[in-house]
Amino acid sequence: MRTIDLNADVGEGLATDAELISLVTSANIACGGHAGDENAIHDSVIAAIEGGVAIGAHPGHADRQHFGRREIAVTPGALAALVDEQIETLHFYAFTLTGWTLKYLKLHGALYHQTGRDRSLADAVIAAASRYTFGPLPILGQAGSALEAAAKDAGLPFFAEAFADRAYRDDGTLAPRSLPGAVLTDEAAVVAQAVRLARDGVAVALSGKEIPMRSDSICLHGDGENAVPLARAVRAALEAEGITLRAFTTQGDTE
């Protein structure tokens, strides 16, 4: 039976975070860099714990004006320090206040794409993830990226994700948000893409071409206008296909 993880970006200050977290199996919680604040982090951590949802650090550029989605030049050393700081911020709320530990790391926005291309930046992130207090953090990211190569060379577990609510180009990369149709908002389209990804391992590019897409986890953005209804529809459709939803960090465990 196929098993897939469903993850969402949360802790970014949206009023719907708790409801969204209840529908997924992994929560990428923003660490106060690109969005969110202490209350958003705290509330998201509590919602994840109550729902038995894996908690992941979701660092991003400290660029609130652009929601961390504008690329900013950064040195590997500065990036490692930024990721270290944001991991520790989330660790405080997850462990110091509740006793829960972080399970993985997924980068946000522009950082996701910069480290996907630039090996030196990817190595810096892997170094930061390797320094986590309770052991190296597994990485969630795009298959075939520089970040995956860096994680594998360092011996860190890497899990591939694909996006239910984003369109792809023929080469398997995400279509830039500036392109028409790059962000999927129609429920039927989002559900169809999620099912094809989980069941068949393919995505349909903007051109209409079917492209192979490796994924251990499917992402839904928490800042979308209809994030909760979309997550509910995607979850229901995957379960109707007989696909088990389970956090990717536990998929090798026995019950």
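Me: Why is Thr-101 called buried?

Reply: Buried means under 20% relative accessible area, exposed over 50%, and partly exposed in between (1.4 Å probe, protein chains only). Thr-101 has a relative accessible area of 18%, so Thr-101 is buried.

Me: What kind of model is this, and how are residues numbered?

Reply: This is a predicted model, in which local features need pLDDT of at least 70, side-chain atom pairs count only at pLDDT 80 or more, and totals for chains, interfaces and linings use all residues. Residues are numbered from 1 along each chain as its sequence is written, and side-chain values use heavy atoms, with hydrogens and water left out.

Me: How many helices and strands are there, and what makes a run count as one?

Reply: The protein has eight helices and 10 strands. Both are DSSP runs numbered from the N terminus: helices are H or I with at least four residues, strands are E with at least two.

Me: Why does the radius of gyration agree with that of a compact globule?

Reply: The radius is taken over C-alpha atoms, and the globule rule is 2.2 Å times the number of residues to the power 0.38. For 255 residues a compact globule would come near 18 Å; the protein has 17 Å, which agrees. The C-alpha atoms fill a box of roughly 40 × 40 × 35 Å along the principal axes. Of the 255 residues, 53% count as buried.

Me: What share of the contacts links residues 24 or more positions apart?

Reply: Such pairs account for 69% of the contacts with a separation of 6 or more.

Me: What makes Gln-86 buried, and what does its side chain reach?

Reply: Gln-86 is at 5% relative accessibility, therefore Gln-86 counts as buried. Gln-86 lies in helix α3, and its side chain reaches the backbone oxygen of Gly-60 at 2.9 Å.

Me: Why does Phe-67 count as buried, and what is its phi?

Reply: Phe-67 counts as buried because its relative accessibility is 17%. Its phi is near 55°, a positive value in a residue other than glycine. Phe-67 sits in the loop between β3 (54-58) and α3 (76-96).

Me: Which residues of helix α4 are buried, and what do they pack against?

Reply: In α4 (residues 109-117), the buried ones are Gly-109, Ala-110, Leu-111, Tyr-112, Gln-114 and Thr-115. They pack against α3, α5 (119-130), β5 (139-141), α6 (146-154) and β6 (158-163).

Me: Why is Gln-142 called buried, and what is in contact with Gln-142?

Reply: Gln-142 has 18% relative accessibility, so Gln-142 counts as buried. Gln-142 is found in the loop between β5 and α6. Its contacts beyond four places in sequence include Tyr-112, Glu-148, Phe-158 and Glu-161.

Me: What makes Ala-167 buried?

Reply: Ala-167 is buried because its relative accessible area is 5%. Ala-167 is found in the loop between β6 and α7 (187-200). Beyond four places in sequence, its contacts include Leu-174, Ala-175, Gly-181 and Leu-206.

Notes: Contact = heavy atoms within 4.5 Å. Polar contact = N/O pair within 3.5 Å; in protein donor to acceptor, adjacent residues only side chain to side chain.
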